[in-house]
Each structure stands twice: as C-alpha cells, then as structure tokens.
Amino acid sequence: MRHIIKSTLIGALAGTLLSGATLADIGSSDPINLTLHDWSGQLINTKIMGSILEEAGYNVEYVQADYIAQFAGLKTGDLTLAMEIWATTGQEALDEATATGKVVNAGETGLQAIEEWWYPLYMKELCPGLPDWKALQGCSEVFSTAETAPSGRYVGGPVTWGGFDDERVEALNLDFEVVHAGTDAALFAELESAYQRKAPIILWVYVPHWAPAKYDGEFVEFPPFSAECYSDPSVGVNPDAAYDCGKPRGPIWKAAWAGMEDKWPDAFAAVQAYTLTNEEMSAMVGDVDLNGQDIDSVVANWMASNKNRWSGWIAK
C-alpha cells in the first residue's frame with residue numbers, strides 16, 4: 001500500500017512539471033487558450049507565441065474563434081490571448097472590451113497594419129484618376145463583371161473581418177457592389193486569377209502580406225480616417241453619413257483576458273515583450289501561401305533561427 005501511495009505522489013508531482021518548469025515558476029498548469037482565425041499571418045503569429053510559451057513550460061491550447069466575437073470569450077476568461085487585433089478593423093472592439101476592465105491591451109506586436117481597397121496598376125490605365133478615390137465615382141464600370149454590370153465589383157474580406165466597406169460605398173456614393181470573399185485564401189485566389197488574365201478587379205488587400213510585393217498595384221487614397229468620421233455623420237465629405245473616409249492605419253495589438261497577468265505573470269510579460277517586423281511576417285506568409293510550406297514548419301524554422309531572441313522574452 002505504501003508503494004502505491006508513493007507511486008501516486010510521484011505521478012502527481014510529475015504532473016506539475018511542464019518542460020522542466022514547476023507550478024511555482026509558471027503560476028498555473030491550466031491551459032492558456034490562444035485564439036486562431038482564418039488568415040495565415042494570424043496563425044503564424046499565434047503559433048509562434050504559443051511555441052514560446054510551451055518552451056517556457058506553459059500548457060497551451062489553441063481555440064478557433066471569430067475575429068470580433070472572440071472578445072466575449074476574452075472578457076470571461078474562456079479565451080486567454082488574441083495575438084492580432086488590427087487597428088484598421090478591430091480598434092473599436094478592442095477599446096470597448098478594455099473599457100470593461102475585463103480585457104487588457106497587451107501592447108503592439110511590432111506589425112504595422114494597412115487594410116484598404118487595392119487595384120493592379122493595369123486598372124489605372126482604364127481609370128487614370130486613381131489612386132484618388134474620386135476617380136472611382138466616374139469609372140466604376142471598368143471594374144464591373146457580368147454579375148455586377150454596370151456597377152463596379154469590389155471584393156471585400158470575409159464579413160467577420162468588419163471594415164465597413166458596404167457603409168463606405170454608400171457614404172461616398174460609389175457605384176460598386178461589395179462581394180465578400182468567404183475566406184482569406186479565396187480573396188487572394190480572386191486576385192491571382194484576375195491578375196493573370198488582366199481582368200478587372202479591385203479588392204481588400206492588407207499589409208503585412210506578400211501580395212503587394214508580388215503584384216504591381218496601389219491602394220486607393222480615400223479621405224483620411226478619423227474616429228469622428230466613423231461615429232459622427234456630420235464629419236467628413238458627406239455630412240449625412242458616417243464611414244465616408246478610409247480605414248484607419250496603425251499597430252496590430254495583442255489583447256488578453258485581464259486575469260492573465262495575475263494567473264500567469266511571467267507568461268504575460270513574455271507576451272508583452274513579443275515583437276515581429278512586417279518584413280518577417282510577409283516573408284513567412286509568402287512561405288505558406290506561395291511556397292506551399294505548412295504553418296507548423298514555418299513556425300519551427302522561425303523558432304530555431306531566433307532562439308536567442310525569444311529566449312530573452314521568457315528569461316527569469
């Protein structure tokens with residue numbers, strides 16, 4: 001009987017050890033739940049952070065979650081960490097969540113975001129006033145397809161990304177039909193197909209991403225963003241409508257459940273320290289989307305090449 005008890009105690013003690021770390025080191029063996037979305041950069045970003053936390057001895061789990069709806073889980077603590085909140089599309093949701101005191105902004109990822117309407121340069125020959133958005137008011141038909149003619153066709157991101165493109169079309173009196181791609185992959189498949197055929201296209205493109213490096217094109221220059229443009233119809237070029245301006249630009253943030261710092265203080269510190277560059281991320285997304293590498297291999301390569309860097313983020 002004493003041998004059974006001794007074995008049980010040894011097993012229980014072993015259960016508290018994760019990669020050589022004790023509960024005293026990591027704070028809790030409960031899983032840190034990181035959210036996964038539907039674009040390669042976010043998956044890479046999240047799995048790098050998850051791999052770093054696992055190297056430090058934490059129990060990490062990945063949870064598929066909707067980009068905006070994830071804030072409900074972050075508020076309750078069912079979700080612990082979201083690694084990509086884009087100032088371009090998620091700032092309002094992040095600000096609302098942090099105002100409750102249940103979610104905290106864990107700092108910048110180091111990535112700087114642009115998300116906007118983008119067109120291949122060959123379309124500029126048909127609409128020479130571009131990149132000024134006002135050119136679209138007079139040449140929308142050159143962006144039309146059989147399904148939308150005579151209206152132009154704008155390929156937006158998945159509806160879960162937000163972005164207010166439908167509202168912008170109405171506010172700026174643009175004769176465009178917004179067609180939302182179902183996935184990130186479908187969005188850029190549309191670009192690839194159109195570009196090869198020199199077919200009409202204008203679509204949502206974002207940075208960091210490989211597309212602006214692979215294809216010659218430009219972002220449309222809409223009236224500059226302001227918070228008031230989104231909230232006050234009287235502000236902007238259309239005094240009767242909000243969203244009559246371009247998307248905001250700015251950092252890609254990390255957002256965490258407010259209880260993370262108390263429960264896993266060193267893990268939270270590592271999250272705050274974590275940074276990547278646009279160039280790093282664009283190259284890794286290209287490896288996945290263009291070169292056919294799987295995400296886990298890309299993440300493993302980054303971890304192996306940057307050990308001295310990420311080791312400092314988890315150093316005691």
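Predicted model: local features only at pLDDT ≥ 70, side-chain atom pairs only at ≥ 80, totals over all residues.
Visitor: What makes β4 and β7 a pair?
Guide: Two strands pair if DSSP finds at least two bridges between them. Strand β4 (residues 103-120) and β7 share 5 bridges in the antiparallel sense, so they count as a pair. Strand β5 (residues 152-156) runs parallel to β7 with 2 bridges, and Y154 has I202 as its partner there.

Visitor: Why is β7 described as mostly covered?
Guide: A residue is buried under 20% relative accessible area, exposed over 50% and partly exposed in between, with a 1.4 Å probe and protein chains only. In β7 (residues 202-207), 6 of 6 residues are buried.

Visitor: Why is strand β9 said to be largely enclosed?
Guide: Of the 8 residues of β9 (residues 250-257), 7 are buried, so the rest of the structure largely encloses this strand. β9 runs antiparallel to strand β3 (residues 81-86), with 4 bridges, and L81 stands opposite A256. β9 is also antiparallel to β4, with 6 bridges, where N105 has A255 as its partner.

Visitor: What separates a cavity from a pocket?
Guide: On a 1 Å grid over the protein atoms alone, a cavity is a set of points where a 1.4 Å probe fits but cannot get out, whereas a pocket is an open set with protein on both sides within 12 Å along at least five of seven lines; lining residues have an atom within 4 Å of a point. By this rule there are 3 cavities of 30 Å³ or more. The largest cavity holds about 60 Å³, and its lining includes W39, W86 and Y206. The second largest cavity holds about 40 Å³, and W39, W86 and Y206 are among its lining residues too.

Visitor: Which residues lie nearest the centre of the largest pocket?
Guide: They are T89, G90, Q91, E92 and Y230, out of 17 lining residues. This pocket has a volume of about 250 Å³. α5 (91-99) gives the most to its lining, with 4 residues; helices are DSSP runs of H or I of at least four residues, strands are runs of E of at least two, and both are numbered from the N terminus.

Conventions. Residues numbered from 1 in each chain as written. Heavy atoms only, no water. Points joined across faces, edges and corners; volume = space filled by probe spheres on them.
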